[in-house]
Amino acid sequence: MNKPKILIVEDDLAVSNLIATTMETQDYLFQKAKNGAEAIMEALSYRPDVMILDLGLPDMDGVEIIKKVRGWSNMPIIVVSARTEDSDKVEALDEGADDYLTKPFSVDELLARLRVALRRVRFDSGKGSQEELIYQNGELQIDYSAGVAFRGGEEIHLTPIEYRLLCLLAKNTGKVLTYNYILKEVWGSTLASDTPSLRVFMATLRKKIEPVPSEPRYIQTHIGVGYRMLRQG
Ligand code: CA
């Protein structure tokens, strides 16, 4: 990949400048947009690899921008929100954002999130048809046609629900999936009261796929939000 192109959508000039300076230190290319209209225009014309999107914009709700962009692009979107906008963050993830940062955030945090997003861009662009049948991530492998998962070549014995959970996370590697989204996709349920059982299934799944379940490498927990499969290496 050439130099990554980042679109910074932020109306707060101080935050926007901080992000821009951070991009310069990494030698990333960037464009800035200070409202929703500019964001949509730049997303179309600049064709960024990743969008960093503030949810509170003067002319448009950030969630509206996600809906629009998802109509034509799968680019990673990292939303930025104030701590008081927690429900907005979850809504943004449900609408297709990949990840989130809560203000105030550190430069290191921002860069870590960007690295995950860029890894997804690189992986998606190099993906062939073979990857659609076999999922490979570090030691973890899923043979979708056989419906079997492996770790380091050894078959992992999963229950049907654990397998569906694993496939859902795998198909969305790099993206934070909310409890709601997972419950809907795996159980067809949107009851928040089902969240504790999701945690139980996740714990047993982790025991089976993680080398050290107490220090998960594959499935990351986002407290109060959901889970994410991380690409290894
Ligand atoms: Ca704002």
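One term before the metal site: a donor here is an N, O or S atom within 3.2 Å of the metal, for Ca. Water is not among the atoms, so sites may look incomplete. Also keep in mind that this is a predicted model.

Now the calcium ion. Which residues are its protein donors? Asp-11 gives OD, Asp-54 gives OD, and Gly-56 gives its O. They lie 2.2 to 2.3 Å from the ion. In sequence, the donor residues are spaced D-x42-D-x1-G. Gly-56 is at 35%, so it counts as partly exposed.

Next, the aromatics. A search of the whole structure turns up two aromatic pairs. Take Tyr-179 and Tyr-227: the ring centres are 5.9 Å apart and the planes stand at 75°, so this pair is edge-to-face. The cut-off for that label is over 60 degrees. Where do the partners sit? Tyr-179 is in helix H7, residues 179–187, and Tyr-227 is in strand S12, residues 226–229. So the pair ties together parts that are 48 residues apart in sequence. Tyr-179 has 11% relative accessibility and therefore counts as buried. Tyr-227 is buried too, with a relative accessible area of 4%.

Then there is the pair of Trp-187 and Phe-201. The geometry is tilted: 5.3 Å centre to centre, with 55° between the planes. Trp-187 belongs to helix H7, and Phe-201 to helix H8, residues 195–209. The two are 14 residues apart, and the pair links distant parts of the chain. On accessibility, Trp-187 is partly exposed at 28%. Phe-201 is partly exposed at 25%.

Lys-171 lies over the face of Tyr-144, at 4.4 Å from the ring centre. Arg-231 puts its charged end over the ring of Phe-123, 3.5 Å from the centre.

Lys-171 brings me to helix H6, which covers residues 160–171. H6 has twelve residues. From first C-alpha to last, H6 reaches 16 Å, close to the 16 Å expected at 1.5 Å a residue. Which residues of H6 are buried? Among them are Glu-162, Tyr-163, Leu-165 and Leu-166. Further along, Cys-167, Leu-168, Leu-169 and Ala-170 are buried as well.

Now the sheets. Strands of a sheet pair through backbone hydrogen bonds, either parallel or antiparallel.

S11 and S12 run antiparallel, joined by four bridges. Ile-219 stands opposite Met-229 in S12.

Another open sheet has four strands, ordered S6-S7-S8-S9, and the pairing is antiparallel. Here the edges are S6, 134–137, and S9, 154–156, each pairing on one side only. The twist averages 25° from one strand to the next. Inside this sheet, four bridges join S7, residues 140–143, to S8, residues 148–151. Those two strands run antiparallel. Asp-143 stands opposite Val-148 in S8.

That's the tour. Over to you.

Terms used: Residues are numbered from 1 along each chain as its sequence is written. This is a predicted model: local features need pLDDT of at least 70, side-chain atom pairs count only at pLDDT 80 or more; totals for chains, interfaces and linings use all residues. Side-chain values use heavy atoms; hydrogens and water are left out. Donors are N, O and S atoms within 2.8 Å of the metal (3.2 Å for Na, K and Ca); water is not among the atoms, so sites may look incomplete. Buried means under 20% relative accessible area, exposed over 50%, partly exposed in between (1.4 Å probe, protein chains only). Rings of Phe, Tyr and Trp (its six-membered ring) pair if their centres lie within 6.5 Å; planes under 30 degrees apart count as stacked, over 60 as edge-to-face and the rest as tilted. A charge sits over a ring if NZ of Lys or CZ of Arg is within 6 Å of the ring centre and within 35 degrees of the ring normal. The expected span of a helix is 1.5 Å times one less than its number of residues. Two strands pair if DSSP finds at least two bridges between them. Axes are lines fitted to C-alpha atoms, for helices over the stretch in contact, and angles run from 0 to 180 degrees between N-to-C directions.
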